[in-house]
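Work through the exercises below with the sequence and the 3D view open. Each task is followed by its solution.

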Amino acid sequence: MRFEAKKLVALTLPAVVVLFGCFGGEKKEEAQQETKKQVRVAINGAGATFPYPVYVNWAKEYKKETGVRVNYQGIGSGGGIRQVTERTVDFGGSDKMLSPKELEKRKLYQFPAVIGSIVVVYNLPGIGDGELKLSNRAACDLFMGKVKYWDDPEIKKDNPGIKLPHQRVTVVHRSEGSGTTWNFTYWLSQVCSEWKEKVGYGKVVNWPTGIGAKGNAGVTNYVRQTPGALGYVEYAYKLQNGLSAAQLQTAEGNFVKPTEETFKAAASHAKWSKDSHFYLEGNLLLQPGKESWPLTATTVILLPKEKKERNKLVVDFFDWAFKKGDAIAVKLGYVPLPENVKQEIRDYWKEVVLK
């Protein structure tokens with residue numbers, strides 16, 4: 001029977017080839033036209049998981065209105081920078097802003113897309129959202145692995161009204177190259193000299209303690225499932241998953257909660273300029289003001305310099321998002337860019353990116 005089957009295939013194959021031989025040219029042309037059409041109406045991006053929820057929701061609404069599909073893969077800022085540098089995607093997403101020198105080296109353009117914030121989340125049954133205060137010193141000692149139990153005096157002194165459990169601390173951090181990690185460790189380096197000397201900052205660092213998890217979603221899941229866990233995630237992940245987040249100290253030294261108002265307060269001090277491709281050395285971290293959330297950050301879009309036609313499609317999508325996507329962003333816990341910044345970005349597109 002096996003031989004017969006092979007024989008049948010052998011007899012049938014030439015007929016199939018002949019059929020394609022007769023109509024192959026027309027079908028091939030149709031297929032090529034279809035492929036061109038699909039390429040034209042689909043935009044591919046990859047990178048930071050920090051803005052992934054808002055990009056996906058923007059893309060869903062954009063497809064309904066325009067028919068243009070936007071595919072975005074949350075693979076981390078490191079992956080996004082690499083893929084757009086290799087030209088395997090139309091745009092990269094990154095929470096780590098690239099300096100003008102680095103943009104020139106990679107032949108990229110850069111503009112901000114939306115503002116978000118990083119929060120320190122914990123899983124301590126009985127201690128609610130926003131109840132726990134973590135000083136800069138306490139946060140540093142926790143992530144250094146020096147504070148091993150939640151009822152350590154370093155934490156208790158700022159939380160006299162809370163009954164902290166004698167439970168071991170489990171630190172959860174990112175396992176891959178991450179812009180969220182870059183911003184978080186940059187903040188730790190600014191508020192803790194010991195962290196700056198021994199660990200430093202970057203998309204990947206040599207963590208003194210803890211367990212690695214992939215993406216904001218991975219850290220979120222690990223913290224949710226582990227009593228005593230402590231991690232850092234983008235605010236949208238905290239909001240969507242009902243995690244508890246700690247109060248932190250502003251640049252002025254007072255404690256604040258992570259809220260839309262404290263994120264906006266930090267963003268109001270930003271000094272963006274299209275002349276520097278909107279680069280800010282420390283992103284929006286530790287902005288002045290008693291109400292400014294210290295871990296506020298913007299996430300950026302990276303575009304290949306030479307791909308003007310594809311860049312126009314990407315720019316059209318983000319222009320739509322700037323006009324119609326603010327309500328979606330706010331609902332998810334992000335802060336839309338101020339209108340004057342949106343206008344400066346549009347000028348940047350016109351005068352630089354699409355010129």
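This is a predicted model: local features need pLDDT of at least 70, side-chain atom pairs count only at pLDDT 80 or more; totals for chains, interfaces and linings use all residues.

Residues are numbered from 1 along each chain as its sequence is written, and side-chain values use heavy atoms, with hydrogens and water left out.

**Exercise 1.** Describe the chain as a whole.

Solution. Start with secondary structure: the chain has 14 helices and 11 strands, taken as DSSP runs (helices H or I, at least four residues; strands E, at least two) and numbered from the N terminus. Next, take burial: of the 355 residues, 52% are buried, where buried means under 20% relative accessible area, exposed over 50% and partly exposed in between, with a 1.4 Å probe and protein chains only. Last, turn to contacts (heavy atoms within 4.5 Å). Among those between residues at least 6 apart in sequence, 75% join residues at least 24 apart.

**Exercise 2.** Find the residues that touch the most other members of the largest nonpolar core.

Solution. A nonpolar core is a set of buried Ala, Val, Leu, Ile, Met, Phe, Trp, Tyr and Cys residues joined through side-chain atoms within 4.5 Å. The largest one holds 98 residues, and Trp58, Phe143 and Phe318 touch the most other members. Strand β4 (residues 108-122) gives the most to this core, 10 residues. A second, separate core has eight residues, including Val89, Leu98, Leu103 and Leu302.

**Exercise 3.** Are the rings of Phe143 and Trp207 stacked, edge-to-face or tilted?

Solution. Rings of Phe, Tyr and Trp (its six-membered ring) pair if their centres lie within 6.5 Å; planes under 30 degrees apart are stacked, over 60 edge-to-face and the rest tilted. By this rule there are 27 aromatic pairs. The centres of Phe143 and Trp207 are 6.5 Å apart and their planes are at 50°, so this pair is tilted. Phe143 is in helix α5 (residues 136-144) and Trp207 in the loop between α8 (193-198) and β6 (211-213), 64 residues apart. Phe143 is buried at 0% relative accessibility, and Trp207 is buried at 12%.
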